[in-house]
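Student: I would like to go through this model and ask, term by term, what each label rests on.

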Amino acid sequence: MVGLAALALSGCDRDARAPAQPPSTAAAPSAPAADGFAGKIDTSHKGSAMPTMTVTDPSGAKLGIASLKGKPVLINLWATWCAPCVKEMPTLDALAARQAGHLAVVTVSQDSGSPQKVAATLSSHHFDHLHPWLDPENTLAFFYNAGDLPTSVLYDAQGREVWRMAGAHDWSATDSDALIAPAMP
């Protein structure tokens with residue numbers, strides 16, 4: 001037994017005073033803001049191409065994501081069961097109204113249940129500028145490796161990613177125009 005313990009101790013040649021690993025330089029996630037909006041920007045995928053996937057709506061209409069090239073696009077992944085998503089939706093609708101003709105705001109539900117529930121949610125809250133796009137197989141969530149909902153991804157007019165945001169954001173806040181400015185012509 002003593003030999004086994006000595007062998008285990010001798011296997012570690014690291015100086016006991018040295019840290020086990022270098023300290024992280026990434027910002028630690030903060031607690032949710034008092035207003036419930038705590039989205040975090042990630043620019044590590046900046047320049048990545050817009051996906052070539054297609055989403056549908058409850059009536060069967062299709063939208064090829066890549067067909068949106070030509071103007072800036074904000075893609076938002078959400079779900080009806082996600083409270084932060086639903087809280088964010090009125091501000092996305094306001095952004096879509098404010099930026100009509102300049103920025104396409106595309107909300108894509110990750111609900112795998114009834115497509116009518118998605119349309120009913122948007123309609124009942126009078127989100128007049130958001131279309132009920134569906135991604136019931138969560139292909140966009142897998143593409144973006146989105147572990148959290150909502151997730152928003154901003155693209156410039158050439159279809160290149162500017163940033164992505166995990167978590168809800170108040171799109172009517174004063175910093176919203178500055179957030180989307182890098183994608184605007």
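Tutor: Two strands pair if DSSP finds at least two bridges between them. This is a predicted model, in which local features need pLDDT of at least 70, side-chain atom pairs count only at pLDDT 80 or more, and totals for chains, interfaces and linings use all residues. Residues are numbered from 1 along each chain as its sequence is written, and side-chain values use heavy atoms, with hydrogens and water left out.

Student: What makes strand 7 and strand 8 a hairpin, and which residue in the turn has a positive phi?

Tutor: The two strands pair in the antiparallel sense over 5 bridges, and the definition asks for at least two. They form a hairpin with 5 residues between them, and Gly159 in the turn has a positive phi of about 80 degrees. One of the bridges joins Thr151 to Ala166 in strand 8.

Student: Which other strand pairs with strand 7, and over how many bridges?

Tutor: Strand 4 (residues 73-78) does, also in the antiparallel sense, over 5 bridges. Leu74 has Leu154 of strand 7 as its bridge partner.

Student: Why is strand 7 called largely enclosed?

Tutor: Buried means under 20% relative accessible area, exposed over 50%, partly exposed in between (1.4 Å probe, protein chains only). In strand 7 (residues 151-155), 5 of the 5 residues are buried, so the strand is largely enclosed by the rest of the structure. In a regular strand the side chains alternate between the two faces of the sheet. Here both faces are covered: Thr151, Val153 and Tyr155 are buried on one side, Ser152 and Leu154 on the other.

Student: How do you know that Glu161 and Arg164 form a salt bridge?

Tutor: A salt bridge is a side-chain nitrogen of Lys or Arg within 4 Å of a carboxyl oxygen of Asp or Glu. The closest N and O atoms of this pair are 2.8 Å apart, so the pair meets that definition. Glu161 is buried at 2% relative accessibility, and Arg164 is buried at 10%.

Student: How many salt bridges does the structure hold?

Tutor: It holds 3. Another joins Arg160 and Asp156 at 3.0 Å, N to O. Arg160, at 40%, counts as partly exposed, whereas Asp156, at 10%, counts as buried.

Student: And what makes the Asp177 and Arg98 pair a link between separate parts of the sequence?

Tutor: The side chains of Asp177 and Arg98 meet in a salt bridge of 3.5 Å, N to O. Asp177 lies in helix 5 (residues 176-180) and Arg98 in helix 2 (residues 83-98), so the pair ties together parts 79 residues apart in sequence. Asp177 is partly exposed at 40%, as is Arg98 at 38%.

Student: Where does pLDDT stay under 50?

Tutor: pLDDT is the predictor's confidence in each residue, from 0 to 100. It stays under 50 over residues 1-34, for which the model has 5 contacts beyond four places in sequence; a contact means heavy atoms within 4.5 Å. Where pLDDT is low, the predicted coordinates should not be read in detail. For the protein the mean is 83, and 81% of residues reach 70 or more.

Student: How many helices and strands does the protein have?

Tutor: The secondary structure comes to 5 helices and 8 strands.

Key
Helices (H or I, at least four residues) and strands (E, at least two) are DSSP runs, numbered from the N terminus.
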